[in-house]
Amino acid sequence: MNLPFFPPEASTTATRVDEIYFALLALSVLVLAIVFLPMIYFLFKYRRGKKANRRPLGVSTMKIELIWTFIPTFIAMGLFAWGADVYFYQEIPPANALEVNVVGKQWMWKIQHQEGNREINELHVPVNRAVKLTLASEDVIHSFYVPAFRVKQDVVPGRFTTEWFTPTRVGVYRFYCSEYCGADHAKMRGLVYVMAPAQYEEWQAEGRPPDTLAQSGEKLFREMGCSGCHVNSFTVHAPPLEGLYGKLVPLSDGTFAHVDDKYVRDHILIPASEVPAGYQPIMPSFEGRISEEQLLELIAYIKSIGAEPTNPSQP
Ligand code: CUA
């Protein structure tokens, strides 16, 4: 459905959000009519001086109370279930989604693709393919909002958040920062280009740098000295990272941790927490020495040598 003054409906999420939105609107109009139309009618019928029957009707008030308690309760619970369904759909990205990293900073959006392509304030995606954004912030809270897709997610410093959508229509759509983040907040916006798969491939091939994101991460892994301990683990007692991503690892405090983006991120910044069993907390923190973009590159590298089946180069 496309209405004037209403953002285009260009993702699967948008369709679901609009359905519940218009259902709520229709229901509100219905309730409004039920309350106000009789009210206006009664204003005239029972006006002072008018001859009307003002004696009690003799209807059981208990019956009336029960009806107007239970019917709206069932309607509200139905809406709750429907809303929860849309919410979970919106919050849980499908496993096979195309992964794109988005880093917000005052006042721009920097975007990293797994193949190595990078963009600023522009996001190119193929149509009819689920896209999962991993969002990080260099400074303050931002929020990544694409009205045409009906998705919005806060981008919070110190952690990753995610947002996903499946665009359904080729076209160009606006995205905005929707969390006030300083003087140029209003300028922190850009365009999503939803392309046919062939055009998307073409775009990607045109701007493809020599290194993929994982390869940039591997370079960084050497430059920052990570490989000194994690590769030549004969001299320093540090765990090897091959096959680690996606696994459940035992920690020195007896608990387990799932090695995901969050775990790797925390381990680079706060290595003294969640130390793997059998190792000493000797790794230095890289807090303040590594940018969000570099963190995402390192994670892409560790993921590429991890246990996840998404990496084709893995035997
Ligand atoms: Cu970033 Cu507002």
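**Helix packing, cores and local geometry in a predicted model**

At a relative accessibility of 4%, Q204 counts as buried, where buried means under 20% relative accessible area, exposed means over 50% and partly exposed lies in between, with a 1.4 Å probe and protein chains only. The structure is a predicted model in which local features need pLDDT of at least 70 and side-chain atom pairs count only at pLDDT 80 or more, whereas totals for chains, interfaces and linings use all residues. Residues are numbered from 1 along each chain as its sequence is written, and side-chain values use heavy atoms, with hydrogens and water left out. Q204 belongs to helix α3 (residues 197-206); helices (H or I, at least four residues) and strands (E, at least two) are DSSP runs numbered from the N terminus. When neighbours within four places in sequence are set aside, Q204 is in contact with E115 and N117, contact being defined as heavy atoms within 4.5 Å.

The packing of two helices was examined next. Two packed helices are described by the angle between their axes and the distance between the axes. Helix α4 (residues 213-223) and helix α7 (residues 292-304) pack at an angle of about 105 degrees, and their axes are 7 Å apart. Axes are lines fitted to C-alpha atoms, for helices over the stretch in contact, and angles run from 0 to 180 degrees between N-to-C directions. The two helices α4 and α7 are therefore roughly perpendicular to each other, given that angles of 65 to 115 degrees count as roughly perpendicular, under 35 as roughly parallel, over 145 as roughly antiparallel and the rest as oblique. On the α4 side, the residues of the contact are L213, A214, S216, G217, E218, L220 and F221, and these meet Q294, L296, E297, L298, A300, Y301 and S304 of α7. The residues of this contact divide into eight nonpolar, four polar and two charged; Ala, Val, Leu, Ile, Met, Phe, Trp, Tyr, Cys and Pro count as nonpolar, Asp, Glu, Lys and Arg as charged, and the others, Gly among them, as polar. E218 of α4 is partly exposed, with a relative accessible area of 28%. The C-alpha atoms of E218 and S304 are 9.6 Å apart in space, and the two residues are 86 residues apart in sequence.

The largest nonpolar core has 29 residues, and those with the most contacts inside it are W109, L123, L133, F144, F149 and V192. Such a core is a set of buried Ala, Val, Leu, Ile, Met, Phe, Trp, Tyr and Cys residues joined through side-chain atoms within 4.5 Å. Beyond its neighbours within four places in sequence, L133 is in contact with V100, V102, L123, F144, T161, T162, E163 and F165. A second, separate core of 26 residues includes C226, Y263, L298 and I299. Helix α6 (residues 261-269) is mostly covered, with eight of its nine residues buried, namely D261, Y263, V264, R265, D266, H267, I268 and L269. The elements that cover these buried residues include β5 (131-137), β11 (248-250), β12 (256-258) and α7.

In strand β9 (residues 171-177), Y176 is partly exposed at a relative accessible area of 30%. Apart from neighbours within four places in sequence, Y176 is in contact with W109, S143, F144, Y145, P147, M188 and R189. The C-alpha atoms of Y176 and S227 are separated by 39 Å, the residues being 51 residues apart along the chain. C177 counts as buried at 6% relative accessibility, and C181 is buried with a relative accessible area of 5%. The structure holds zero disulfides, a disulfide being a pair of cysteine sulfur atoms within 2.5 Å.

The peptide bond from Q106 to W107 is cis, with omega near -5 degrees, and W107 is found in the loop between β1 (98-105) and β2 (108-113). N121, which is not a glycine, has a positive phi of about 55 degrees; N121 lies between β3 (118-120) and β4 (122-126) and is partly exposed at 22% relative accessible area. Phi of R150 is likewise positive, near 55 degrees, in a residue other than glycine. R150 is placed in the loop between β6 (142-146) and β7 (151-155) and counts as buried at 11% relative accessibility. A148, in the loop between β6 and β7, is buried with a relative accessible area of 4%. Not counting residues up to four places away in sequence, A148 touches P7, P8, E9, A10, S11, A14 and Y173. A148 and S11 are 137 residues apart along the chain, and their C-alpha atoms are separated by 7.2 Å.
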